[in-house]
Amino acid sequence: MSSESRQYLRKAEARLEAAEELLRSDRYEDSVSRAYYCVLSCARAALAHKDSHPRTHEGTLRMFGELFVKGEGWPKMMGVNFSRLKALREKADYSSSIELSKEDAEWSLRAAEDFLRETKSRLR
C-alpha cells in the first residue's frame, strides 16, 4: 500500500472517531458529516492506490464505483452506501433546518465502520 493511501486511511480513522464522539454528544448532523468524510477518505485511499486522484466528491464517488465496485468486484453496498452518505451529508451541511435523526447518524456510523474495515482488508 502506498504512503498516500496509508495517510488517507489514518484520516478516515480519525474522522470515524470524531463521528462516534459527535453521536454520543447528540450532534447527529455533525456525526453524519464526519462519517461521510471517513468514507470519502477511504475511497481516496483506494483510488490513490491506483494513482487516480479525482478532484471532486462526485468524481471520487463515480471513479470508486467504476474502478472498484464494477471493475474489481468490491461489494456493491459500498457504492450504494457511499452515495447515500453523500446525500445525507449534503442535507446535513446545506439544509437550513435540522433534518437528520439519531437513526440517520447511527446508520451513517455503521456504514462508515463497514466501509473502512472493507477498504483496509482489500488494500493490504
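Because the model is predicted, local features were taken only where pLDDT is at least 70 and side-chain atom pairs only at pLDDT 80 or more, whereas totals for chains, interfaces and linings use all residues. Residues are numbered from 1 along each chain as its sequence is written, and side-chain values use heavy atoms, with hydrogens and water left out.

Helices (DSSP runs of H or I with at least four residues, numbered from the N terminus) are compared here through their axes, which are lines fitted to C-alpha atoms over the stretch in contact, with angles running from 0 to 180 degrees between N-to-C directions. The axes of α2 (residues 28-49) and α3 (residues 57-72) come within 10 Å and cross at roughly 55 degrees. That angle makes α2 oblique to α3, given that angles under 35 degrees count as roughly parallel, over 145 as roughly antiparallel, 65 to 115 as roughly perpendicular and the rest as oblique. The crossing of α2 and α3 is left-handed, a term applied if the near helix is turned anticlockwise from the far one by less than a right angle. In this pair, Tyr36, Tyr37, Leu40, Ala43, Arg44, Ala46 and Leu47 of α2 meet His57, Thr60, Met63, Phe64, Leu67 and Phe68 of α3, where contact means heavy atoms within 4.5 Å. The residues of this contact comprise ten nonpolar, two polar and one charged (Ala, Val, Leu, Ile, Met, Phe, Trp, Tyr, Cys and Pro count as nonpolar, Asp, Glu, Lys and Arg as charged, and the others, Gly among them, as polar).

Helix α4 (residues 76-94) packs on helix α5 (residues 102-122) at an angle of about 140 degrees, with the axes 10 Å apart. Helix α4 is therefore oblique to α5, and it passes α5 in a left-handed crossing. Contacts are formed by residues of α4 including Met78, Phe82 and Leu85, and by residues of α5 including Trp107, Ala111 and Phe115. By class, this contact has seven nonpolar, three polar and three charged residues.

Buried residues (under 20% relative accessible area, with a 1.4 Å probe and protein chains only) of α5 include Asp104, Trp107, Ser108, Ala111, Phe115 and Thr119, and what covers the buried residues of α5 includes α1 (3-24), α2, α3 and α4.

Arg89 lies in helix α4 and, at 5% relative accessibility, counts as buried. Not counting residues up to four places away in sequence, Arg89 touches Val32, Ser33, Tyr36, Tyr37, His57 and Tyr94.

Notes. Helix = DSSP H or I, 4+ residues; strand = E, 2+ residues; numbered from the N terminus. Buried < 20%, exposed > 50% of the residue type's maximum accessible area, 1.4 Å probe, protein only.
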